[in-house]
Amino acid sequence: MDLAAFRWLLTGPGQRLLTRATELYLEHDGDPVRTADALRRVDDDPGHTSAALTQVDLRSKAVAKFGADAVRMYFTPDGLEQATRPMVAAHRAARMALVRPGGGVTVLDAGCGIGGDLVAMARAGLTVAAVDREELRVEVARANLDALELGGAVQVAAVEGLDVRGFDVVFADPARRTERGRVFDVHGWSPPWSWVVELLERRSCVKVAPGIPHVLLPDRVEAEWVSDQGEVKEASLWSAELAAVRRRATVIRGGGLATLTDEDDPGHADVRPVGRCLYEPDGAVIRAGLVTAVAAGVGGGLVDEHIAYVTADDAFSTPFARSYEVLEELPYQEKSLRAALRERGIGTLEIKKRGVDVVPEQLRRRLALSGDNAATLVLTRVAGKGTALLVRPF
Ligand SMILES: C[S@@+](CC[C@H](N)C(=O)[O-])C[C@H]1O[C@@H](n2cnc3c(N)ncnc32)[C@H](O)[C@@H]1O
């Protein structure tokens, strides 16, 4: 998207064209070609119509992430993709606000993108300032604060060499993508890992990829893995002054939030035979290395030393794992398994696997299922041996 065209979109005539583009989009049931044809009859400047149509399209895509705010906000395609989900950003912002419970906490967002985190921090009552090295993103982030009637200052700047001493907290969410795709090596992030490590020596919080190797985590930093509606998208690193523990798993589901830490973790769990219940820990729990804390919480053990399934005799409802009743063990050998499923009239099968070399879609096809019953099958290693368990969610 073009910077000049975006700036024009924020003017009076630009806002009127955007409103008209939205109306036409709805009138034409979201058909982009008919919407564009109709809009060109309103304004024949291709730069203007393209800027308006791009926002209408991005807003409709952004509803999945930003809900009702999306129709007031502005995006770039990459900026939307990289923006933090609101519930996750709100949780992080609420933790920052605890720095001074009376209010007045100042935060610098060092690399704000289109402002996903920035908006959440401003909403949490933090006094926010932000920079980004890309001018268009700065314009978009600023427009988002305005559109949502939030305060904050946003400027174009590179974070390297920036004087951050005036802020209570510095937040950073380094870019993990280039034109060539996702960057897995932390040294290829922007700003790079060396900058992140230095930043974490002062009061700060850094959003990182959930796959961050534990060995990279600086001493005294808290790593918090967060899952939102079952998906682990990120971890936050909290500098020593903001850290409460070393490892934390935070699970956000529906409107609620639950948190498990290394203080809940005995650090080990026995391997035991499969009992009446099987627990599948949340991805944030697994990433945080807290499966043994789930085992302790349900009074159970592991099905295998290296597998993140917990088993117990008693049924518990826990936000940190999905729980299943184990109905029976079926043959692991494919031919006998097919016969067993036929016998039980199972025509619809959800296949879960952990620690075994199986491609569920391919296996499901080979099993040639038929029947009116639905079931869940867990394929895993139990004490080192391939095992098939027929289970039912509690
Ligand atoms: C992952 S995005 C931030 C997304 C943001 N937290 C959100 O929720 O919308 C990272 C941003 O950092 C910016 N960036 C990368 N390196 C930078 C640098 N050295 N100085 C300033 N900004 C930088 C990029 O332009 C990009 O907009």
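## Overall architecture

The chain's secondary structure comprises 13 helices and 18 strands, these being DSSP runs numbered from the N terminus (helices H or I, at least four residues; strands E, at least two). The model is predicted: local features need pLDDT of at least 70, side-chain atom pairs count only at pLDDT 80 or more, and totals for chains, interfaces and linings use all residues. Residues are numbered from 1 along each chain as its sequence is written.

Along the principal axes, the C-alpha atoms fill a box of roughly 70 × 55 × 40 Å. Of the 394 residues, 38% are buried (20 or more other C-beta atoms within 10 Å of the residue's own, with C-beta atoms placed from the backbone).

## Nonpolar cores

A nonpolar core is a set of buried Ala, Val, Leu, Ile, Met, Phe, Trp, Tyr and Cys residues joined through C-beta atoms within 7 Å. The largest has 90 residues, of which Val107, Val285, Val294 and Val310 touch the most other members. This core draws at least three residues from each of domain 2 (81–260) and domain 3 (277–393), with bounds from an automatic or database domain assignment. Another core, of 12 residues, lies apart from it and includes Phe6, Leu18, Leu39 and Ala52.

## Ligand surroundings

The ligand is surrounded by 22 residues, the closest being Ala83, Gly111, Gly113, Gly116 and Ser190; a residue is near if its C-beta atom, placed from the backbone, lies within 6 Å. Helix H7 (116–123) and strand S2 (127–132) each supply at least two residues of this shell.
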